[in-house]
Each structure stands twice: as C-alpha cells, then as structure tokens.
Amino acid sequence: MNVEERLEKIESLLVVLVERQQMFEYYSVEQFARIVEREPFTCREWCRHGRIQAEKRLSGRGAHPAWAISHDELLRYQREGLLPATEPG
C-alpha cells in the first residue's frame, strides 16, 4: 500500500468518525450504514423487512421515497440489535 492509498484510507476513516460524532434527527440509509458498519443494501433490506424502524420520506429525487431512520432507532439498534423480521409491505 503506497502513501496515497494510506492517506485515502485515513481520510475515509476520519469521515466515518466525524459522522459518528454528529447527531441528526434522522439518518439516510447511507449514513446509518456507515455508522453501523454495514452495506447500504443490507440496511435498506432491514428497513423493508421491519428489522429496524424506519419511515419513507419524500426526498425529491426519483419516483420512490427514501428511507429515514431516527436517531432514537439508531440508539435502539446499537443497544438491542435488529427487531424480529416481518413481511415487507
């Protein structure tokens, strides 16, 4: 690994640390995924299956509303983990 690659890795880790320190009322799937160190696809599936409590918010981008995950739900997930699975709907 050369110096440039190492600097890029350090920079990406710093972004994660800063985001962990910032508190938002709601997080996007991408923000939530970075905080809990999972892939956004996985977190979207958790939303879809009711494994985490999330709500659809009009994002103004595209035909499909984006998931929004509350800060309280982030804290609940960090303490207790995933909720039991439910049917998507």
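Visitor: How far apart are the mean positions of the positive and negative charges of the protein chain?
Guide: This is a predicted model, in which local features need pLDDT of at least 70, side-chain atom pairs count only at pLDDT 80 or more, and totals for chains, interfaces and linings use all residues. Residues are numbered from 1 along each chain as its sequence is written, and side-chain values use heavy atoms, hydrogens and water being left out. Lys and Arg count as positive and Asp and Glu as negative, with His and the chain ends not counted, and the place of a charge is NZ of Lys, CZ of Arg, CG of Asp or CD of Glu. Between the mean positions of the 13 positive and the 15 negative charges of the protein chain lie 3 Å.

Visitor: Which residues of helix α4 are buried?
Guide: A residue is buried under 20% relative accessible area, exposed over 50% and partly exposed in between (1.4 Å probe, protein chains only). Elements that cover the buried residues of α4 include β1 (26-27), α2 (29-36), α3 (40-48) and β3 (66-70), where contact means heavy atoms within 4.5 Å. Within α4, which comprises residues 71-80, the buried residues are H71, E73, L74, R76 and Y77.

Visitor: Which residues are linked with R76 in a network of salt bridges?
Guide: A salt bridge here is a side-chain nitrogen of Lys or Arg within 4 Å of a carboxyl oxygen of Asp or Glu. R76 and E80 form one at 3.7 Å, N to O, and these two residues of α4 are four residues apart, about one turn of the helix. R76 is buried at 10% relative accessible area, whereas E80 is exposed at 55%. The network that includes R76 also holds E73, R79 and E80.

Visitor: With which residue does E45 form a salt bridge?
Guide: Side chains of opposite charge can pair when their charged atoms come close. In this case the closest N and O atoms are 2.8 Å apart, and the two partners, three residues apart in helix α3, are separated by about one helical turn. E45 is partly exposed, at 22% relative accessible area. Its partner, likewise partly exposed at 38%, is R48.

Visitor: Which residues does A68 touch, not counting those up to four places away in sequence?
Guide: A68 is in strand β3 and, because its relative accessibility is 7%, counts as buried. Two residues that A68 touches, E55 and R57, have side chains that meet in a salt bridge of 3.1 Å, N to O. E55 is partly exposed at 35% relative accessibility, as is R57 at 34%. The list of residues touched by A68 is Y26, Y27, A54, E55 and R57.

Visitor: Which residues gather in a patch of negative charge on the surface?
Guide: Patches are made of residues with over 30% relative accessible area and no salt bridge, like charges being joined within 9 Å and nonpolar side chains (Val, Leu, Ile, Met, Phe, Trp, Tyr) within 5 Å. One member, E11, lies in helix α1 (residues 3-21) and is exposed, with a relative accessible area of 55%. The patch consists of E4, E5, E8 and E11.

Conventions:
Areas by Shrake-Rupley, 256 points an atom, 1.4 Å probe, with all protein chains shown as cover.
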